[in-house]
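Please read these notes with the sequence and the model open beside you.

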Amino acid sequence: VRTAERGGIDAILFDGQWGPSTAFNLDPIPLIVALAECGTRIGLGGAIEIDHAEPFNIARSFAAADHLTAGRSSLIAASGAVRPGDFGHAPVRTIAERQSRAAECIAVVRKLWDSWEDEAILLDKPNGRFSDPDRVHPIHHAGPFFTVRGPLNAPRPLQGNPPIIQRDASPEGLALARQTADVFIAPAADPATLAAIRQALGERPRLLATTPFAGAPDAFAARLAELAPLCDGFDLVPGMLPVDLDTIADEVVPFLRERGLRPAGYEGKTLREHFHLARPRSQFAA
Amino acid sequence: MTRQLHLGVFIYPGGHHIAAWRHPDMKAERITELDYYCQSAQIAERGKFDLFFVGDALNAREREGKVVGEIAINNLDPVSIVSAVASVTDRIGLVATLSTTYNEPAMIAAKFATLDHLSGGRAGWNVVTTLDEKAALNFSRSEAMEKSLRYQRAQSFVDDGESGRSRRGYRPCVATGGAARKRAAMAGGERATGTARLVEVAVFPGKPTVLIALIATEIRWSFF
């Protein structure tokens, strides 16, 4: 994290998939919050398998994470990785059902994050008013998959809504991302794939291309510069950590800076600011 | 040798006094910030406390359908708080509350295994079944699970967790307290000897709240 922050990287994304493909994964919520002390600007993203999670728990965890990281958290909404037997409650679902549930889950998470307006916390000591009850709203959500009354029992995240990142490039995944993602990570970086994904996503979500880090730093950086017009940025995948990250921070990023493709340092404080995403007003604000 | 006591500290945003946030010395805006929790944990560690304990609730406190405006917020997510302080402490135990009624065992196991690794073996799970019936309305249920079912479910979580860990020869402390007290503790009492060590909890008004733990097979919460 310190190396990545030295290189002015926007965020580190802990995106391990739940399931049999990996020996183990560190759970994102202990992990990203435990790393809060290691930096002051770099974003910290953690993946949640939203197919098996309750929106109230997701909203509550990431509200805390966003406060404790001073607005640097990001929810990577992962879907589709099932290891049979891990989740007692999970019925088998069709892809369409799974996507509908995911869309509703994310909508409920956003409602819960918005259930406290920004102005809800008063801290008015003389009058004994910690919060303004008229600015804290039950959400009364009732949908096909979730019934959630709210409000959340945590103040609104510092970013309003921490950015939601997705990376499922199936047609259903892209449809979901078009509707719900702030940032989409494409699985590849070839021009045809990126163009097709951009079209499916629409203009709103930021699009990052995935590029494994390989080859000489200059050649790699030149390749990023060449691909830059096709996307909003890159998800770099260091082959060996942290050695490759040193090279990225010290050799690749300076090359991009010389070409005006990266700012000289962090310009904003929150991860939304790094991604140039506007901070949303609460949907319940008058 | 004189028998020695365990000491824990049970934290709450601002403190357990209902109006603590209004005290002139209290910087109330800090209670959602990282430094507030780091500083508290470091003080507890300076005092050589055994554990730093964070409770939980899964619904906002309300009166007549509106959040109660004159009291401070509930704790932020307890797992997040203890994770945040893990990197600025070395020895103190980090105990977070998580409900068996509204979580999946695989998720709980993953969270505490991660916390245990990141903290160098200092994680503890406070097992609760969530008493407040209003929490059910935040989890797609029209009413809370019936009490004996809640405790049966909790028992099976702890059993699963135990067997999962013993396969790896590795057992973080499982603490039971709060609403989960008697039934879970007694049901688990014989088996839990040697793992469940929490007991008796006293909350003293006007002082830092202190949790006194004695080795026991039954848990009692006493507020006085």
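The numbered points below go through these topics in turn.

1. This is a predicted model, in which local features need pLDDT of at least 70 and side-chain atom pairs count only at pLDDT 80 or more, while totals for chains, interfaces and linings use all residues. Residues are numbered from 1 along each chain as its sequence is written, chains are lettered from A and ligands numbered from 1 in the order in which they are written, and side-chain values use heavy atoms, with hydrogens and water left out.

2. In the interface, 55 residues of chain B are in contact with 51 residues of chain A, where contact means heavy atoms within 4.5 Å. The two chains bury about 4300 Å² between them, 62% of it on carbon and sulfur atoms; buried area is the accessible area (1.4 Å probe) that two parts lose on being put together, summed over both.

3. Between chain B and chain A there are four salt bridges, a salt bridge being a side-chain nitrogen of Lys or Arg within 4 Å of a carboxyl oxygen of Asp or Glu. A salt bridge joins the side chains of A:Asp27 and B:Lys111, at 3.4 Å from N to O.

4. On the side of chain B that touches chain A, helix H1 (34–46), strand S4 (66–67), helix H2 (78–86) and helix H3 (105–118) of chain B each supply at least two residues; helices (H or I, at least four residues) and strands (E, at least two) are DSSP runs, numbered from the N terminus. The largest share, seven residues, comes from H3(B).

5. The second largest pocket is lined by 48 residues, and A:Ile9, A:Asp10, A:Ala11, A:Phe234 and A:Leu236 are those nearest its centre. A pocket, on a 1 Å grid over the protein atoms alone, is an open set of points where a 1.4 Å probe fits, with protein on both sides within 12 Å along at least five of seven lines, and lining residues have an atom within 4 Å of a point. H8(A) gives the most to this lining, with six residues.

6. Within chain A, the side chains of A:Arg156 and A:Asp118 meet in a salt bridge, at 2.9 Å from N to O. Because A:Arg156 lies in the loop between strand S7 (147–148) and strand S8 (164–166) of chain A, and A:Asp118 in the loop between helix H4 (95–114) and strand S4 (121–124) of chain A, the pair ties together parts that are 38 residues apart in sequence. Over all chains, the structure holds 21 salt bridges.
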